[in-house]
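This briefing is meant to be read beside the sequence and the 3D view. Please look through both before going on to the notes.

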Amino acid sequence: YLILISLILSNTNAMELYCDFEEVYLDGSTQQGFFLIKDDKMRYEYLDKNLFIIFRESNNFYLVEKKNKQQFQKLNQNKFVLTELVTLLDEYPNLENEYFSNNYRILIEESINNPFLKRIAFFSDSLTLSIYFNNCSFERMYDPFFNHWDPIAYFRE
């Protein structure tokens with residue numbers, strides 16, 4: 001019984017989520033894409049073929065250029081927004097409206113029409129960015145969607 005209870009309790013915090021996103025920057029530029037979350041994995045993919053896909057596995061982030069999917073690199077710098085996004089997703093739905101971290105002010109907006117958040121905004125001296133979430137759904141995600149080491153097999157155009 002103890003094993004069964006621990007398995008049930010460990011799975012209550014697991015979230016599997018799909019969302020379209022739109023990043024809006026202070027200068028008015030935008031980027032669209034989608035992201036997937038499953039346990040400690042994430043896939044954050046831009047729709048622009050000149051950009052990239054970001055994968056998270058455990059506490060590491062990997063970048064795959066969409067033009068050259070056979071190669072990937074581990075992100076070691078400039079990953080604060082990604083790290084904070086993951087932290088906030090881990091705390092969902094128990095989120096505050098405002099956070100302060102590493103000289104960033106982070107605002108959270110709940111959604112009335114969407115089963116997830118409406119927006120997460122990051123404000124600092126070096127970056128102002130809003131990420132809007134659209135068409136979100138909690139659904140089962142398949143592990144191959146999160147393979148950064150061999151994405152060519154799963155990301156055919």
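The protein chain has 157 residues, and 39% of them count as buried. The model is a predicted one. Its accessible surface comes to about 9700 Å², with 49% of that belonging to carbon and sulfur atoms. The notes below cover the fold, the disulfide, some backbone details, and the spaces in the structure.

**Overall fold**

- The protein chain contains two helices and ten strands.
- Along the sequence, these elements follow the pattern α-β-β-β-β-β-β-α-β-β-β-β.
- Taking the contacts between residues at least 6 apart in sequence, 36% join residues at least 24 apart.

**The disulfide**

- A search of the whole structure turns up one disulfide.
- The bond joins Cys19 to Cys136, with an S to S distance of 1.9 Å.
- The two cysteines belong to distant parts of the chain: Cys19 is in strand E1 and Cys136 is in strand E10, 117 residues apart.
- The torsion about the S-S bond of Cys19 and Cys136 is about 120°, so this disulfide is right-handed.
- Both Cys19 and Cys136 are buried.

**Backbone details**

- Tyr92 and Pro93 are joined by a cis peptide bond, with omega about 10°.
- Pro93 sits in the loop between H2 and strand E7, which covers residues 98-101.
- Asn102 is not a glycine, yet its phi is positive, at about 45°.
- Asn102 is located in the loop between E7 and strand E8 (104-110).
- The relative accessible area of Asn102 is 59%, so Asn102 counts as exposed, the cut-off being over 50%.
- Asn135 is a residue other than glycine with a positive phi, near 50°.
- Asn135 belongs to strand E10, the strand that also holds Cys136.
- Asn135 has a relative accessibility of 55% and therefore counts as exposed.

**The largest pocket**

- The volume of the largest pocket is about 310 Å³.
- There are 17 residues in its lining, and those nearest the centre of the pocket are Tyr46, Asn78, Val81, Leu82 and Leu129.
- Five elements each supply at least two residues of this lining: strand E1 (16-25), strand E3 (41-46), strand E4 (52-57), helix H2 (80-91) and strand E10 (128-138).
- H2 gives the most to the lining of the largest pocket, with four residues.
- By class, the lining of the largest pocket consists of 15 nonpolar residues, one polar residue and one charged residue.
- E1 and E10, which contribute to this lining, are also the strands that carry Cys19 and Cys136.

**The cavity**

- How many cavities of 30 Å³ or more are there? The count comes to one.
- The largest cavity holds about 40 Å³ of space.
- The lining of the largest cavity is made up of Ile37, Asp39, Lys41, Met42, Arg56, Val86, Leu89 and Asp90.
- E3 and H2 each provide at least two residues of this lining.
- H2 has the largest share of the lining of the largest cavity, with three residues.
- The lining of the largest cavity divides into four nonpolar residues, four charged residues and no polar ones.

Technical notes. Residues numbered from 1 in each chain as written. Predicted model: local features only at pLDDT ≥ 70, side-chain atom pairs only at ≥ 80, totals over all residues. Heavy atoms only, no water. 1 Å grid on protein atoms, 1.4 Å probe; cavity = no way out; pocket = protein on both sides within 12 Å on 5 of 7 lines; lining within 4 Å. Points joined across faces, edges and corners; volume = space filled by probe spheres on them. Nonpolar A, V, L, I, M, F, W, Y, C, P; charged D, E, K, R; others polar. Disulfide = S-S within 2.5 Å. Buried < 20%, exposed > 50% of the residue type's maximum accessible area, 1.4 Å probe, protein only. Contact = heavy atoms within 4.5 Å. Areas by Shrake-Rupley, 256 points an atom, 1.4 Å probe, with all protein chains shown as cover.
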